[in-house]
Number of protein chains: 4
Amino acid sequence: VHFGSDNVVGASRKVLDAIVAANDGAMPSYGEDALAARVKGRLRDLFEHEVEVFMVPGGTAANGLSLACLSPPWGEIFCHEESHVMTDECGAPENFTGGAKLVGLQGVGGKIGVDALRSALEAPRRGVHSVVPAALTLTNLTECGTLYRPDEVAALAGLARRHGLKVHMDGARFANAIAGSGASPAEMTWKAGIDVLSLGATKNGALAAEAVVFFDPALAESMPMRRMRGGLLVSKGRLLSSQFEAWLDGDHWLDLARHANTMAARLRNGLAAVPGIRVPWPAEGNEVFPVLPERLERALLAQGFRFHRWRSGSLPDGGGPGAGEALVRMVCSFATREEDVDKLIAAAAAATEPSPA
Amino acid sequence: VHFGSDNVVGASRKVLDAIVAANDGAMPSYGEDALAARVKGRLRDLFEHEVEVFMVPGGTAANGLSLACLSPPWGEIFCHEESHVMTDECGAPENFTGGAKLVGLQGVGGKIGVDALRSALEAPRRGVHSVVPAALTLTNLTECGTLYRPDEVAALAGLARRHGLKVHMDGARFANAIAGSGASPAEMTWKAGIDVLSLGATKNGALAAEAVVFFDPALAESMPMRRMRGGLLVSKGRLLSSQFEAWLDGDHWLDLARHANTMAARLRNGLAAVPGIRVPWPAEGNEVFPVLPERLERALLAQGFRFHRWRSGSLPDGGGPGAGEALVRMVCSFATREEDVDKLIAAAAAATEPSPA
Amino acid sequence: VHFGSDNVVGASRKVLDAIVAANDGAMPSYGEDALAARVKGRLRDLFEHEVEVFMVPGGTAANGLSLACLSPPWGEIFCHEESHVMTDECGAPENFTGGAKLVGLQGVGGKIGVDALRSALEAPRRGVHSVVPAALTLTNLTECGTLYRPDEVAALAGLARRHGLKVHMDGARFANAIAGSGASPAEMTWKAGIDVLSLGATKNGALAAEAVVFFDPALAESMPMRRMRGGLLVSKGRLLSSQFEAWLDGDHWLDLARHANTMAARLRNGLAAVPGIRVPWPAEGNEVFPVLPERLERALLAQGFRFHRWRSGSLPDGGGPGAGEALVRMVCSFATREEDVDKLIAAAAAATEPSPA
Amino acid sequence: VHFGSDNVVGASRKVLDAIVAANDGAMPSYGEDALAARVKGRLRDLFEHEVEVFMVPGGTAANGLSLACLSPPWGEIFCHEESHVMTDECGAPENFTGGAKLVGLQGVGGKIGVDALRSALEAPRRGVHSVVPAALTLTNLTECGTLYRPDEVAALAGLARRHGLKVHMDGARFANAIAGSGASPAEMTWKAGIDVLSLGATKNGALAAEAVVFFDPALAESMPMRRMRGGLLVSKGRLLSSQFEAWLDGDHWLDLARHANTMAARLRNGLAAVPGIRVPWPAEGNEVFPVLPERLERALLAQGFRFHRWRSGSLPDGGGPGAGEALVRMVCSFATREEDVDKLIAAAAAATEPSPA
């Protein structure tokens, strides 16, 4: 049973059916298909705002292209020190921006602290010797499975905007953040000061479909050329647009995320009840990060459960793994079954029971 | 009826079914799935050579990544002056290589002439003031629908290699070139001096699947990082590997290409028999480039036939459109139906018939 | 005697003295010195226009930074096919711009023909698949020693501007072009449609001093950061500003150029009178490109005269070297002595005299 | 009296005279002059090792080019978090490397701690998702005026090399580090594991002259092209080579550095004796970083003394400025006069004397 990531499963049936349904007949290539226009309309309705939309096959591309539209090569981009753009993209943001500098900020639970951001923004510059503060990027759902609520986004984005920065949201798990927070997409983004969103469908039921959503069209001016010369304009655009259309239809995206979140909450609650297991952060989305005895970690892996050892410097004080303990990451997806969650909980409970005398 | 391009249709039924079949269950992400390993094995067998394989969603990405592995930023890359890398990728090769210089060479029918290449290679350099000759890239099938036969590839590649260059083949329509030439994949590539191939499935029956195939593993060393930081490593890798597996299975790829080529030959022969139409290049693959009276062009477009006006400087002497004529491109795909080809031919013939007195 | 280039000699005495005179005492670094402000004022007066000025140590840097301010990475930059930016900078423009595409245009005598430019500008584009026309760069004095007069600049620049391009002048030998044409600096630049000038002092009496001169301050916005992160902001800025101040003072720059041009004209006239020598282009500046018998070339080199064999595709019809002939480049500088010119002419004449019977 | 930086003064008389002496006559351009060959010979003797030498006009260029030779675009470069490459070059290392990631490490007094480096090197990587550790760069003299002794360099460089990294030294103030440590240039560099040195002459008596010194020629392979296409190959190379030749002649470079260091020690000792002033780091080179009462800072500035307010996170515990205090930087140069140092000390002492009752 696989809790390794939300990208180890395929697409939801509805999304897959849409790919199949869109396969027949001739359509204009390079994103000029009629489905793409409908996706844009749906996103406009969903976000209650005019949008420019650029679909790409992956999240690293969406982030890199977004940041390149917000920061010049000599820009400074603020992010959490453990964010995906900082630690998991092999320098893609530097590649797409032409060498901008990512500055990692600290904060508990993967969330940038307002004070950390303020301090970074107010640090003295040395004119032309310093890179130029250009953008802030927030990941929501964060890499720790926590979420920023709209007022938290607004506090950080507002601060950044008062210093002249543009604000990006890495929404690889945006659906989970929306499902977890109960906020509307508009409240979570442009109403809170977000200029550009990487809207991820892949981890939440699509096969390969991400969209860069601009709330300010002026920022999107260079995007068509950036996407093209990055080799990221899919020629048979129906592949992307069909996925998005089905994903957005009838709140399918939200249903998928709610399921994943529900499974994660169930997993969290089940594990937290097992003696010897702590869960340092709330499971506000579809990820759970328990601290386990290493002995238990081994036992579960031996039984075929799949999850990853994790490292984080953003644990709450005293919440980190002690000697003989391990922090691990378990991820639920739209396809996670309740019975598998329960199996994992049961296995953990069984493995920690004291052996009879 | 659409002869605009071979990317205006979806996937073949077999490829589509494979995507669906691969959808269920958990698989490792980021290209570590078992299907990917099988695809590599199939390509090794097909090319009769050890290969390194990197699947990506599009052809511009495949070309850009390939060339970046062959040329430093100060490299000089020789290509046909009307090649896709030169004229249709918005500078993607420059982007991926970090600023290499593409030098367009002339040649009839989209094929680089040996003399043009020799002259370029032997041009005097001014030491550090000149860029450094690094790579040759050949497009096969060419952008003019012609093809290089293995001995022609070997002549150009051999010349380039004697000057220390590496050689790339842009095989966006490689299947059509193989079907058209009757050569084996090995004869057309490494046996003729090709180091790296962009192997395109998208235009020939896949939905979005291209592979960079290295015949010299040493050249592939930087590829994993380049692909990752280009945002081109698809997380749910099964999307790409499932397409390739079905495409390669049982000569499906070749069957699809043969059909497209057959349709193009039928179209070419039919049009060539219509008075007032000339076809300056042979249709060696799935593309036909007739010279039509502009009046006829308008008539066909008005009847709903779709194709593109073309411009080329590589027409044979005297073969170009005269006053009142137009060069157009018509492309057949795996999905083109014989009856549609015949309809187009009949419409052309009808439109050119002299009106009765 | 060295006619190899105008950068094989040092600085004029006046420029050198200025470096020495500026050496003592403390001055703000990084271009904030008082001399730099005075240089800007002098250039404003000289060009009769508000200017933004950025001094750098070399011409390749000046060109690369200029073009990076005029073209995005996906831009298309038109230049003569034999221009310095195209053939002699190891891809520096591509490096500075982040991968823009230089397109070389033909034209006799190193001068872009209006028709060649028009044809390039009017070539059809394929939307996002094509790079975006961004800039035109003219070299004046050209690499062939010819010059564009203000009306010729205006014809090309005007055409480019009507297509939305910005226009740069590579003025590595701007002084020689001004001296040769009799035009004012204003007439040769902004009055004729030039947006940015690389103003070279190095080849004309300075030791290492070039200035990028912007006539439209808005175009200079990113220049301070580009120069800094290119490692091109000289910390002890007095080195550059002292050279420029002396060079501009009392028409020193023009006196130096006039001398060089006079020597070149003398050389041209002298050589043209020698039987068997042709000079296909006028010597409008400080360079002479004679076509010599190869036997004579060898004889002169053997006597210690230094000059370079040249190749050019921009010779007038029938003007190129025939069998047994060589095109060579001879360059005069501010330091070239009349007696050395006469020695070269005499040696050429002597070597071509028929041996007595 | 100016203690703002060591680049606010010009060149030493000997260096200036050498520029003048090298001015006359013809010499090959682009670094092919005979002086350049002599400089290389002198550096080989000085470092007791074969070297490849590339002179450039500035230190940011020297660092950027060096790092680009040591790290691919996807490389990770470890440096002190307050190093010049990290905070003062507007992202030049990112620019030259094509987007490598600089990782700032902590350490007291501007010196990277061995534990901090070990921890960074041993941090787990996530395969292709992580950038690849490529280089370590040490600044010596550090930005805090402290120095690494050869055994300290060896400890850090050795650790880095055992992890497969290459090691660079930013020696903008290398002369001061040599003078301060008493180590030989060989002991401080290749004997301690340094692969490439940015050897700075500018801050220590030259006008604009830095050299990248490679101890492993294989690492220098791409350097000529990188320098050229960065616009950093000075055409009249004598400007750089003449400075270096004089600077290296007869230990002139060391004499200049010793003077600057002596002045700094005098300044440090004088200030440390003034009540209310603390000097948290030793003045091991030519820089002093006193913590002053802000009232005193204002008084000294008002009297015309020039120095900069500084910020540092690498102060020893408890050594930082308290309320009403300021950390400032004062720099001595080859040209600093003893009487000016004494004036500053006296002024500080006078301003802090208790007013008579």
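I began with the interface of chain A and chain B, which buries about 3700 Å², 57% of it on carbon and sulfur atoms. I took buried area as the accessible area (1.4 Å probe) that two parts lose on being put together, summed over both. A:Asn23, A:Arg229 and A:Lys236 supply 21% of the area that chain A buries against chain B, more than any other three residues.

I note that this is a predicted model, in which local features need pLDDT of at least 70 and side-chain atom pairs count only at pLDDT 80 or more, while totals for chains, interfaces and linings use all residues. Residues are numbered from 1 along each chain as its sequence is written, chains are lettered from A and ligands numbered from 1 in the order in which they are written, and side-chain values use heavy atoms, with hydrogens and water left out.

**Entry 1. Chain A with chain B**

I looked up the contact (heavy atoms within 4.5 Å) and found 45 residues from chain A and 45 residues from chain B. I found zero salt bridges between chain A and chain B; the rule asks for a side-chain nitrogen of Lys or Arg within 4 Å of a carboxyl oxygen of Asp or Glu. For polar contacts, the search returned 22 residue pairs across this interface, both residues at pLDDT 80 or more. A polar contact is a pair of N or O atoms within 3.5 Å; within protein, one must be able to donate a hydrogen and the other to accept it, and residues adjacent in sequence count only if both atoms are side-chain atoms.

On the side of chain A that touches chain B, the elements giving two or more residues are α1 (13-21), α3 (59-70), α5 (92-97), α10 (223-229) and α11 (238-248) of chain A. Of these, α1(A) gives the most, with four residues. Helices (H or I, at least four residues) and strands (E, at least two) are DSSP runs, numbered from the N terminus.

I then superposed chain A on chain B: a rotation of 180° with 0.0 Å of shift along its axis does so, with RMSD 0.0 Å. In chain A, the residue closest to the rotation axis is A:Gly230, at 3.5 Å (C-alpha). The same surface serves both copies, as 100% of the contact residues of chain A recur in chain B.

**Entry 2. Chain B with chain D**

I recorded about 1300 Å² buried between chain B and chain D, 72% of it on carbon and sulfur atoms. B:Trp74, B:Val128 and B:Arg229 supply 46% of the area that chain B buries against chain D, more than any other three residues. The contact takes 15 residues from chain B and 15 residues from chain D. I counted four residue pairs in polar contact here, both residues at pLDDT 80 or more. Helix α10 (residues 223-229) of chain B gives the largest share of the side that touches chain D, five residues.

Chain B is superposed on chain D by a rotation of 180° with 0.0 Å of shift along its axis (RMSD 0.0 Å). That is the relation of a two-fold axis. B:Gly98 is the residue of chain B that comes closest to this axis, at 3.7 Å (C-alpha).

**Entry 3. Salt bridges**

B:Asp88 lies in the loop between α4 (84-87) and α5 (92-97) of chain B, and C:Arg126 in the loop between α6 (114-122) and β4 (132-139) of chain C, so the pair joins two chains. B:Asp88 is buried, at 8% relative accessible area, whereas C:Arg126 is partly exposed at 35%. I used under 20% for buried, over 50% for exposed and partly exposed in between (1.4 Å probe, protein chains only).

In chain C, C:Asp17 and C:Arg13 form a salt bridge at 3.9 Å between the closest N and O atoms. Both lie in helix α1 (residues 13-21) of chain C, four residues apart, about one turn of the helix.

**Entry 4. A:Thr139**

I located A:Thr139 in strand β4 (residues 132-139) of chain A. A:Thr139 is buried, at 10% relative accessible area. Its side chain makes a polar contact with the side chain of A:Glu143 (3.3 Å).

How values were computed
Least-squares fit on C-alpha atoms with pLDDT ≥ 70 in both.
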